[in-house]
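This report goes from the whole chain down to a single residue. The sequence and model come first.

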Amino acid sequence: AASDVYKRQSQTLVQEHAVIEPGSRQAELVLGNGRTVKLGEHAQPRLLEVDGAVIKMDEKRLEYREEKEVDRLVFNTLRIPRGGEYSILLSDGTKVFLNAESEMNYPVVFAGGERKVVLKGEAFFEVAEDKARPFVVSTGDFDVRVTGTQFNVRVYPDETPTATLAEGSIRLLKGEHITDLVPGEQARVGAESVEVRKVNLEEAIAWRHDAFSFKQVRLEDLLTELARWYDMEVFYQNTGLKDLHFTAWFKRSSSMKEVVRLLERTQKVKLEVKGKTLIVKPNK
């Protein structure tokens, strides 16, 4: 019993002294044989030769270089935790930037008539042009098909999925729906329909410019976004606070103290940081 009390006190102490920090470059690579490799700012740079490719790993990104053609696809998975981000150069020259709490499954070397990857979470793609082999991003809910362009796909649970086009053109396929986008357009994918609207690209893909940009966004949606990057929990003293709307812009490198100061300046809420939890209170 005494040891249980000590354990609870120790956990409370750890929680009290935990600090909410901005995210950093970190990821986990799952190889075709199931082996996992930690990647990020504190990992050792290394080279691996596997399944027809050379894989270069360093603190900034993962790079694949095709060494030989293959007759069967071997898949790797890149997982990004809460509080992380990472980028990858695929074997065809396509660059992918993955946001926090995301995952992508992809072939080590592409083979056949198309280049297909499977995404959960959010990623920005700069696709290497290859008209003979379209690039396909599959989300399980819809596919985005391109030959060479720059676009963002966001498919977090409990959110309306979106695809946002920065350059070139993309085709979104969902069931019987075929939707073509032009730069500056965003497709919002519903259960039965696809709605296209014009967006401000700097706001829609602010994370690619190392920033957060919110325009009249519900507090719950805003803090869910921040919770992924700062790896924190959010507690609301009053559920009605979730529906307050905020407009804010700040760097992803901002400290939680700066974020709290910025949001409190609106005089709509009071925010308290306790360990790794952000407590939202009414501003009395």
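## Surface and charge

The accessible surface of the protein is about 15000 Å², and carbon and sulfur atoms hold 47% of it. Areas come from the Shrake-Rupley method with a 1.4 Å probe; for residues, only the protein chains shown count as cover.

The protein carries 43 positive and 45 negative charges, with mean positions 4 Å apart. Lys and Arg count as positive, Asp and Glu as negative; His and the chain ends are not counted. Each charge is placed at NZ of Lys, CZ of Arg, CG of Asp or CD of Glu.

## Basis of the model

This is a predicted model: local features need pLDDT of at least 70, side-chain atom pairs need pLDDT 80 or more, and totals for chains, interfaces and linings use all residues. Residues are numbered from 1 along each chain as its sequence is written, and side-chain values use heavy atoms, leaving out hydrogens and water.

## Overall fold

The protein has four helices and 23 strands (DSSP runs numbered from the N terminus: H or I of at least four residues, E of at least two). Its C-alpha atoms fill a box of roughly 60 × 50 × 30 Å along the principal axes.

Of the 284 residues, 44% are buried (under 20% relative accessible area).

## Residue Q186

Q186 lies in strand β17, residues 185–189. Q186 is buried, at 6% relative accessible area. Its side chain makes a 2.9 Å polar contact with the side chain of T164 (N or O atoms within 3.5 Å; within protein, one able to donate a hydrogen and the other to accept it, and sequence neighbours count only if both atoms are side-chain atoms).

Methods. Buried < 20%, exposed > 50% of the residue type's maximum accessible area, 1.4 Å probe, protein only.
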